[in-house]
Amino acid sequence: MMETKGLGLYVHIPFCVRKCNYCDFASEAAGESKIDKYVARLISEIESYRSNEKIKINTVFFGGGTPSLLSGERFLKIVSTIKESFEILPDAEFTVEVNPATLSDEKILAYKEAGVNRISIGVQSIHEIELKKLGRIHNVADFENTYKALRDAGFKNISVDLMYGIPYQTKDSFEKTLDKIIMLSPEHVSCYGLIVEEGTPFFEERKSLPLPDEDEEYEMYATAHEKLALAGYSHYEISNYAKDGFECRHNLKYWRDEEYIGVGLAAYSYYRGKRYGNSSSFDEYFASDSANYNCKEKEQLKDPFEYAMLALRLKEGFSLSEYERIFGKRFAEGKEKELDLFSKKGLIEIREDRIFLTYKGFYVSNSILSELL
Ligand code: SF4
(Lines give C-alpha, C1' and ligand atoms only; values in the text may rest on other atoms or scores of the structure.)
Protein backbone atom coordinates (compact mmCIF):
# COMPACT_ATOMS: atom_id res chain seq x y z
CA MET A 1 0.00 0.00 0.00
CA MET A 2 1.37 3.46 -0.93
CA GLU A 3 1.45 5.69 2.13
CA THR A 4 0.21 9.29 1.97
CA LYS A 5 2.99 11.87 1.99
CA GLY A 6 3.68 13.52 5.32
CA LEU A 7 6.35 14.23 7.93
CA GLY A 8 7.32 12.20 10.96
CA LEU A 9 6.63 13.56 14.44
CA TYR A 10 8.84 12.37 17.31
CA VAL A 11 7.75 13.12 20.90
CA HIS A 12 10.37 12.57 23.60
CA ILE A 13 9.25 11.51 27.10
CA PRO A 14 12.41 11.72 29.21
CA PHE A 15 11.26 9.87 32.34
CA CYS A 16 11.97 6.39 33.64
CA VAL A 17 11.16 4.61 36.89
CA ARG A 18 14.92 4.44 37.42
CA LYS A 19 17.97 4.54 35.22
CA CYS A 20 19.21 1.26 33.68
CA ASN A 21 22.91 0.47 34.20
CA TYR A 22 23.86 0.86 30.53
CA CYS A 23 21.70 3.83 29.56
CA ASP A 24 22.98 7.17 28.35
CA PHE A 25 19.69 8.40 26.83
CA ALA A 26 18.12 11.69 27.90
CA SER A 27 15.95 10.33 30.70
CA GLU A 28 15.67 10.37 34.49
CA ALA A 29 13.44 9.36 37.38
CA ALA A 30 11.22 12.33 38.31
CA GLY A 31 8.34 13.28 40.58
CA GLU A 32 4.81 14.22 39.53
CA SER A 33 5.37 17.98 39.56
CA LYS A 34 8.35 17.82 37.21
CA ILE A 35 6.38 15.56 34.86
CA ASP A 36 3.47 18.06 34.88
CA LYS A 37 5.83 20.94 34.16
CA TYR A 38 7.37 18.98 31.31
CA VAL A 39 4.00 18.10 29.78
CA ALA A 40 3.00 21.78 29.88
CA ARG A 41 6.23 22.82 28.15
CA LEU A 42 5.90 20.04 25.59
CA ILE A 43 2.35 21.13 24.80
CA SER A 44 3.46 24.72 24.22
CA GLU A 45 6.23 23.50 21.92
CA ILE A 46 3.76 21.40 19.92
CA GLU A 47 1.41 24.40 19.68
CA SER A 48 4.24 26.52 18.24
CA TYR A 49 3.96 24.48 15.04
CA ARG A 50 0.33 25.51 14.48
CA SER A 51 -0.31 27.28 11.22
CA ASN A 52 -3.28 28.00 8.95
CA GLU A 53 -2.29 25.22 6.69
CA LYS A 54 -1.54 22.43 9.12
CA ILE A 55 1.64 20.38 8.66
CA LYS A 56 0.75 16.87 7.47
CA ILE A 57 2.06 14.05 9.62
CA ASN A 58 2.05 10.37 8.63
CA THR A 59 4.09 8.88 11.46
CA VAL A 60 3.96 9.71 15.17
CA PHE A 61 6.47 8.15 17.56
CA PHE A 62 6.43 8.54 21.36
CA GLY A 63 9.91 7.52 22.49
CA GLY A 64 11.96 7.86 25.60
CA GLY A 65 12.72 7.37 28.33
CA THR A 66 9.59 5.45 29.14
CA PRO A 67 6.52 6.98 27.45
CA SER A 68 4.33 4.38 29.19
CA LEU A 69 5.20 6.07 32.48
CA LEU A 70 2.79 8.87 31.55
CA SER A 71 -0.73 8.45 32.90
CA GLY A 72 -3.44 7.90 30.28
CA GLU A 73 -4.77 11.36 31.07
CA ARG A 74 -1.44 13.14 30.44
CA PHE A 75 -0.89 11.08 27.31
CA LEU A 76 -4.31 12.01 25.90
CA LYS A 77 -3.71 15.68 26.67
CA ILE A 78 -0.53 15.65 24.59
CA VAL A 79 -2.20 13.71 21.78
CA SER A 80 -5.16 16.09 21.60
CA THR A 81 -2.73 19.04 21.26
CA ILE A 82 -0.95 17.15 18.48
CA LYS A 83 -4.25 16.59 16.69
CA GLU A 84 -5.22 20.26 17.02
CA SER A 85 -1.81 21.48 15.84
CA PHE A 86 -1.00 19.09 12.98
CA GLU A 87 -2.99 17.17 10.40
CA ILE A 88 -2.54 13.52 11.27
CA LEU A 89 -3.18 11.62 8.06
CA PRO A 90 -5.68 8.74 8.21
CA ASP A 91 -3.11 6.07 7.36
CA ALA A 92 -0.54 7.37 9.89
CA GLU A 93 1.60 4.92 11.84
CA PHE A 94 1.35 5.82 15.55
CA THR A 95 3.93 4.15 17.82
CA VAL A 96 4.35 4.26 21.60
CA GLU A 97 7.36 2.71 23.35
CA VAL A 98 6.34 0.86 26.49
CA ASN A 99 8.24 -0.86 29.24
CA PRO A 100 6.80 -3.92 30.96
CA ALA A 101 5.68 -3.20 34.53
CA THR A 102 4.54 0.32 33.66
CA LEU A 103 1.30 -0.42 31.79
CA SER A 104 -2.24 -0.44 33.18
CA ASP A 105 -5.72 -0.92 31.71
CA GLU A 106 -6.20 2.85 31.89
CA LYS A 107 -3.12 3.46 29.73
CA ILE A 108 -4.02 0.76 27.22
CA LEU A 109 -7.49 2.30 26.84
CA ALA A 110 -5.92 5.72 26.35
CA TYR A 111 -3.69 4.33 23.57
CA LYS A 112 -6.73 2.84 21.84
CA GLU A 113 -8.66 6.09 22.19
CA ALA A 114 -5.72 8.11 20.81
CA GLY A 115 -5.38 5.90 17.72
CA VAL A 116 -2.06 4.28 18.65
CA ASN A 117 -1.59 1.39 16.22
CA ARG A 118 1.97 0.24 16.94
CA ILE A 119 3.56 -0.66 20.27
CA SER A 120 7.26 -1.18 20.87
CA ILE A 121 8.09 -3.15 24.01
CA GLY A 122 11.55 -2.98 25.60
CA VAL A 123 12.12 -6.51 26.91
CA GLN A 124 15.88 -7.02 26.15
CA SER A 125 16.11 -10.60 27.49
CA ILE A 126 13.94 -13.37 28.90
CA HIS A 127 16.45 -14.31 31.62
CA GLU A 128 16.06 -12.81 35.10
CA ILE A 129 19.80 -12.71 35.78
CA GLU A 130 20.46 -10.71 32.59
CA LEU A 131 17.55 -8.33 33.21
CA LYS A 132 18.67 -7.73 36.76
CA LYS A 133 22.23 -6.95 35.75
CA LEU A 134 21.00 -4.52 33.09
CA GLY A 135 19.07 -2.76 35.85
CA ARG A 136 15.71 -3.23 34.11
CA ILE A 137 12.70 -2.72 36.35
CA HIS A 138 10.71 -5.64 34.94
CA ASN A 139 10.93 -9.39 35.18
CA VAL A 140 10.02 -12.02 32.60
CA ALA A 141 6.43 -12.43 33.85
CA ASP A 142 5.88 -8.66 33.55
CA PHE A 143 6.85 -8.86 29.89
CA GLU A 144 4.57 -11.84 29.23
CA ASN A 145 1.64 -10.11 30.92
CA THR A 146 2.25 -6.87 29.01
CA TYR A 147 2.48 -8.67 25.68
CA LYS A 148 -0.72 -10.60 26.35
CA ALA A 149 -2.62 -7.53 27.56
CA LEU A 150 -1.67 -5.62 24.39
CA ARG A 151 -2.68 -8.49 22.11
CA ASP A 152 -5.95 -8.93 24.03
CA ALA A 153 -6.60 -5.21 23.56
CA GLY A 154 -6.31 -5.76 19.81
CA PHE A 155 -2.88 -4.32 18.94
CA LYS A 156 -1.87 -5.93 15.67
CA ASN A 157 1.54 -4.34 15.21
CA ILE A 158 3.90 -5.06 18.10
CA SER A 159 7.66 -4.68 18.14
CA VAL A 160 9.97 -6.21 20.73
CA ASP A 161 13.44 -4.83 21.59
CA LEU A 162 16.20 -7.32 22.44
CA MET A 163 19.86 -6.93 23.34
CA TYR A 164 22.89 -9.12 22.71
CA GLY A 165 26.42 -8.90 24.06
CA ILE A 166 25.12 -8.21 27.59
CA PRO A 167 26.56 -9.40 30.92
CA TYR A 168 26.03 -13.10 31.75
CA GLN A 169 24.62 -13.76 28.28
CA THR A 170 25.76 -16.85 26.36
CA LYS A 171 24.93 -17.92 22.82
CA ASP A 172 22.61 -20.49 24.35
CA SER A 173 20.77 -18.01 26.59
CA PHE A 174 20.41 -15.59 23.67
CA GLU A 175 18.98 -18.36 21.49
CA LYS A 176 16.42 -19.11 24.21
CA THR A 177 15.44 -15.44 24.23
CA LEU A 178 15.07 -15.48 20.45
CA ASP A 179 13.06 -18.73 20.48
CA LYS A 180 10.65 -17.36 23.05
CA ILE A 181 10.14 -14.14 21.09
CA ILE A 182 9.70 -16.00 17.80
CA MET A 183 7.08 -18.18 19.47
CA LEU A 184 5.13 -15.07 20.50
CA SER A 185 5.39 -13.84 16.90
CA PRO A 186 5.55 -10.04 17.16
CA GLU A 187 5.42 -8.21 13.82
CA HIS A 188 8.80 -6.52 14.38
CA VAL A 189 11.96 -7.26 16.36
CA SER A 190 14.82 -4.86 17.16
CA CYS A 191 18.07 -6.40 18.24
CA TYR A 192 20.83 -4.12 19.53
CA GLY A 193 24.35 -4.97 20.59
CA LEU A 194 25.30 -3.51 23.97
CA ILE A 195 27.61 -0.50 23.83
CA VAL A 196 29.25 0.38 27.14
CA GLU A 197 28.86 4.17 27.13
CA GLU A 198 30.91 6.58 29.19
CA GLY A 199 29.07 8.03 32.17
CA THR A 200 27.03 4.87 32.85
CA PRO A 201 27.42 2.44 35.79
CA PHE A 202 28.53 -0.21 33.27
CA PHE A 203 31.37 2.05 32.19
CA GLU A 204 32.59 2.29 35.78
CA GLU A 205 32.42 -1.46 36.05
CA ARG A 206 33.75 -2.15 32.53
CA LYS A 207 36.87 -4.08 33.58
CA SER A 208 34.96 -6.63 35.60
CA LEU A 209 31.70 -6.88 33.62
CA PRO A 210 30.98 -10.54 32.73
CA LEU A 211 30.57 -9.81 29.00
CA PRO A 212 30.66 -12.34 26.17
CA ASP A 213 33.80 -12.03 24.01
CA GLU A 214 33.84 -10.54 20.50
CA ASP A 215 33.47 -13.87 18.70
CA GLU A 216 30.53 -14.90 20.87
CA GLU A 217 28.93 -11.53 20.29
CA TYR A 218 29.25 -11.92 16.52
CA GLU A 219 27.76 -15.42 16.78
CA MET A 220 24.76 -13.94 18.60
CA TYR A 221 24.30 -11.35 15.86
CA ALA A 222 24.54 -14.06 13.17
CA THR A 223 22.14 -16.33 15.09
CA ALA A 224 19.56 -13.54 15.28
CA HIS A 225 19.87 -13.02 11.52
CA GLU A 226 19.46 -16.74 10.77
CA LYS A 227 16.71 -17.60 13.24
CA LEU A 228 14.63 -14.54 12.48
CA ALA A 229 15.00 -15.09 8.73
CA LEU A 230 13.77 -18.66 9.14
CA ALA A 231 10.79 -17.34 11.10
CA GLY A 232 9.86 -14.97 8.25
CA TYR A 233 11.47 -11.71 9.36
CA SER A 234 13.43 -9.60 6.91
CA HIS A 235 16.65 -8.07 8.26
CA TYR A 236 15.77 -4.68 6.74
CA GLU A 237 18.11 -2.55 8.86
CA ILE A 238 21.30 -3.28 10.81
CA SER A 239 19.39 -3.78 14.07
CA ASN A 240 15.83 -4.28 12.85
CA TYR A 241 13.78 -7.19 11.55
CA ALA A 242 10.20 -7.14 10.31
CA LYS A 243 7.53 -9.34 8.87
CA ASP A 244 6.48 -8.25 5.42
CA GLY A 245 4.91 -4.76 5.51
CA PHE A 246 5.74 -4.12 9.19
CA GLU A 247 9.00 -2.15 8.82
CA CYS A 248 8.92 0.87 11.14
CA ARG A 249 7.79 3.68 8.83
CA HIS A 250 8.88 6.37 11.30
CA ASN A 251 12.45 5.15 11.66
CA LEU A 252 12.72 4.61 7.91
CA LYS A 253 12.43 8.39 7.55
CA TYR A 254 15.65 8.91 9.52
CA TRP A 255 17.56 6.37 7.48
CA ARG A 256 16.17 7.62 4.16
CA ASP A 257 17.12 11.21 4.98
CA GLU A 258 13.46 12.34 4.98
CA GLU A 259 12.11 15.21 7.10
CA TYR A 260 10.64 14.96 10.60
CA ILE A 261 9.86 17.19 13.55
CA GLY A 262 11.05 16.24 17.03
CA VAL A 263 9.57 17.80 20.18
CA GLY A 264 10.68 17.52 23.78
CA LEU A 265 13.95 17.39 25.66
CA ALA A 266 16.97 16.70 23.43
CA ALA A 267 14.74 16.10 20.41
CA TYR A 268 16.09 16.88 16.95
CA SER A 269 14.25 17.97 13.84
CA TYR A 270 14.98 18.04 10.14
CA TYR A 271 12.37 20.35 8.76
CA ARG A 272 12.26 22.63 5.71
CA GLY A 273 15.83 21.67 4.87
CA LYS A 274 17.20 22.62 8.29
CA ARG A 275 18.40 20.55 11.19
CA TYR A 276 17.91 21.87 14.70
CA GLY A 277 17.64 20.46 18.18
CA ASN A 278 16.44 21.11 21.73
CA SER A 279 18.74 21.27 24.72
CA SER A 280 19.23 18.10 26.75
CA SER A 281 19.14 20.16 29.96
CA PHE A 282 15.72 20.40 31.63
CA ASP A 283 16.44 23.92 32.85
CA GLU A 284 17.32 25.14 29.37
CA TYR A 285 14.39 23.32 27.81
CA PHE A 286 11.95 24.79 30.34
CA ALA A 287 13.34 28.29 29.81
CA SER A 288 13.35 28.16 26.01
CA ASP A 289 10.76 29.76 23.79
CA SER A 290 9.57 27.69 20.88
CA ALA A 291 7.81 30.45 18.94
CA ASN A 292 10.46 30.29 16.23
CA TYR A 293 11.33 26.64 16.63
CA ASN A 294 13.93 28.19 18.96
CA CYS A 295 17.03 26.10 19.32
CA LYS A 296 20.38 25.69 17.75
CA GLU A 297 19.56 25.86 14.08
CA LYS A 298 21.90 25.09 11.31
CA GLU A 299 21.63 24.92 7.55
CA GLN A 300 21.43 21.42 6.29
CA LEU A 301 24.61 20.68 4.44
CA LYS A 302 24.51 17.15 3.17
CA ASP A 303 27.53 15.25 4.29
CA PRO A 304 28.58 12.28 2.11
CA PHE A 305 29.72 10.21 5.09
CA GLU A 306 26.49 10.77 7.02
CA TYR A 307 24.37 10.15 3.92
CA ALA A 308 26.11 6.84 3.15
CA MET A 309 26.23 5.82 6.80
CA LEU A 310 22.48 6.23 7.25
CA ALA A 311 21.50 4.72 3.89
CA LEU A 312 23.79 1.71 4.31
CA ARG A 313 22.05 0.89 7.58
CA LEU A 314 19.22 -0.30 5.34
CA LYS A 315 19.16 -3.49 3.33
CA GLU A 316 17.94 -1.42 0.36
CA GLY A 317 21.19 0.67 0.46
CA PHE A 318 21.26 3.63 -1.92
CA SER A 319 21.34 4.55 -5.59
CA LEU A 320 24.83 5.26 -6.89
CA SER A 321 23.55 7.69 -9.54
CA GLU A 322 21.53 9.59 -6.89
CA TYR A 323 24.67 9.84 -4.73
CA GLU A 324 26.61 11.24 -7.71
CA ARG A 325 23.84 13.73 -8.44
CA ILE A 326 23.86 15.02 -4.82
CA PHE A 327 27.60 15.13 -4.19
CA GLY A 328 28.96 15.70 -7.71
CA LYS A 329 31.29 12.73 -7.53
CA ARG A 330 31.11 8.97 -7.59
CA PHE A 331 30.75 7.03 -4.34
CA ALA A 332 34.18 5.80 -3.14
CA GLU A 333 35.91 7.54 -6.06
CA GLY A 334 39.57 6.49 -6.10
CA LYS A 335 38.79 3.58 -3.73
CA GLU A 336 37.70 1.10 -6.41
CA LYS A 337 40.21 -1.51 -5.21
CA GLU A 338 38.90 -1.41 -1.63
CA LEU A 339 35.33 -1.58 -2.92
CA ASP A 340 36.20 -4.63 -4.98
CA LEU A 341 37.84 -6.29 -1.99
CA PHE A 342 34.80 -5.72 0.25
CA SER A 343 32.61 -7.15 -2.45
CA LYS A 344 34.87 -10.25 -2.82
CA LYS A 345 34.71 -10.74 0.95
CA GLY A 346 30.91 -10.78 0.73
CA LEU A 347 30.46 -7.60 2.77
CA ILE A 348 29.12 -5.30 0.02
CA GLU A 349 26.95 -5.95 -3.02
CA ILE A 350 26.36 -3.74 -6.01
CA ARG A 351 23.34 -4.64 -8.09
CA GLU A 352 22.47 -2.47 -11.08
CA ASP A 353 22.47 1.07 -9.68
CA ARG A 354 22.25 0.17 -5.97
CA ILE A 355 24.93 -0.50 -3.40
CA PHE A 356 24.14 -2.21 -0.14
CA LEU A 357 25.75 -4.15 2.69
CA THR A 358 25.19 -7.84 3.34
CA TYR A 359 24.35 -8.89 6.90
CA LYS A 360 28.05 -9.63 7.44
CA GLY A 361 28.81 -6.13 6.14
CA PHE A 362 26.23 -4.60 8.50
CA TYR A 363 28.26 -5.87 11.42
CA VAL A 364 31.40 -3.99 10.36
CA SER A 365 29.71 -1.06 8.61
CA ASN A 366 31.74 1.61 10.41
CA SER A 367 35.10 0.26 9.38
CA ILE A 368 33.89 -0.33 5.79
CA LEU A 369 32.75 3.27 5.53
CA SER A 370 35.85 4.77 7.04
CA GLU A 371 37.94 2.88 4.45
CA LEU A 372 35.76 4.02 1.57
CA LEU A 373 35.14 7.69 2.38
S1 SF4 B 1 14.12 2.20 30.31
FE2 SF4 B 1 15.25 2.79 28.44
S3 SF4 B 1 15.48 5.00 28.55
FE4 SF4 B 1 14.88 4.30 30.60
S5 SF4 B 1 16.78 4.06 31.69
FE6 SF4 B 1 16.29 2.05 30.82
S7 SF4 B 1 17.32 2.00 28.81
FE8 SF4 B 1 17.28 4.15 29.52
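Colleague: Which residues in helix 13 meet helix 15?
Modeller: On the helix 13 side you have E338, L339 and F342, and they meet I368, E371 and L372 in helix 15. Keep in mind that this is a predicted model.
Colleague: While we're on helix 13, is E336 buried, exposed or partly exposed?
Modeller: E336 sits in helix 13, and at 37% relative accessibility it counts as partly exposed.
Colleague: How far is E336 from G193?
Modeller: Their C-alpha atoms are separated by 31 Å, and E336 and G193 are 143 residues apart along the chain.

Colleague: How many bridges hold strand 13 and strand 15 together?
Modeller: Two bridges, in the antiparallel sense, with strand 15 running over residues 354-357. S319 has R354 in strand 15 as its bridge partner.
Colleague: What's in the loop between strand 14 and strand 15?
Modeller: E352 lies there. E352 has a positive phi of about 50° although it is not a glycine. With a relative accessible area of 81%, E352 is exposed.

Colleague: Where else does a residue other than glycine have a positive phi?
Modeller: One of them is D257, where phi is near 65°. D257 is in the loop between helix 9 (249-255) and strand 9 (260-263).
Colleague: Buried or exposed, that D257?
Modeller: D257 counts as buried, at 19% relative accessibility. The cut-off for buried is under 20%.
Colleague: What do strand 10 and strand 11 form?
Modeller: They form a hairpin with two residues between them, and R272 in the turn has a positive phi of about 50°. Strand 10 (residues 268-271) and strand 11 (residues 274-277) pair in the antiparallel sense over four bridges. Within that pairing, S269 stands opposite Y276 in strand 11.

Colleague: OK, now strand 2. Why call it largely enclosed?
Modeller: Eight of its nine residues are buried, so strand 2 is largely enclosed by the rest of the structure.
Colleague: In which sense does strand 1 pair with strand 2?
Modeller: Parallel: strand 1 (residues 7-13) and strand 2 pair over seven bridges. L9 stands opposite V60 in strand 2.
Colleague: And what joins G64 and G65?
Modeller: A cis peptide bond, with omega at about 20°. G65 is found in the loop between strand 2 (56-64) and helix 2 (72-85).
Colleague: Which residues surround the ligand?
Modeller: G65 turns up again there, along with C16, R18, K19, C20, Y22, C23, F25, S27, T66, N99 and R136. By class, the shell around the ligand has five nonpolar, four polar and three charged residues.

Colleague: Last topic, a couple of spots along the chain. Where is D213?
Modeller: D213 is in the loop between helix 7 (201-204) and helix 8 (214-230). At 43% relative accessibility, D213 counts as partly exposed. D213 and T170 are 43 residues apart in sequence, and 9.7 Å apart in space, C-alpha to C-alpha.
Colleague: What about D105, buried or exposed?
Modeller: D105 counts as exposed, at 62% relative accessibility. Its place is in helix 3 (residues 105-114). From D105 to I129 it's 24 residues in sequence and 28 Å in space, C-alpha to C-alpha.

Technical notes:
Residues are numbered from 1 along each chain as its sequence is written. This is a predicted model: local features need pLDDT of at least 70, side-chain atom pairs count only at pLDDT 80 or more; totals for chains, interfaces and linings use all residues. Side-chain values use heavy atoms; hydrogens and water are left out. Contact means heavy atoms within 4.5 Å. Two strands pair if DSSP finds at least two bridges between them. A residue is near a molecule or strand if one of its heavy atoms lies within 4 Å of it. Ala, Val, Leu, Ile, Met, Phe, Trp, Tyr, Cys and Pro count as nonpolar, Asp, Glu, Lys and Arg as charged, and the others, Gly among them, as polar. Buried means under 20% relative accessible area, exposed over 50%, partly exposed in between (1.4 Å probe, protein chains only).
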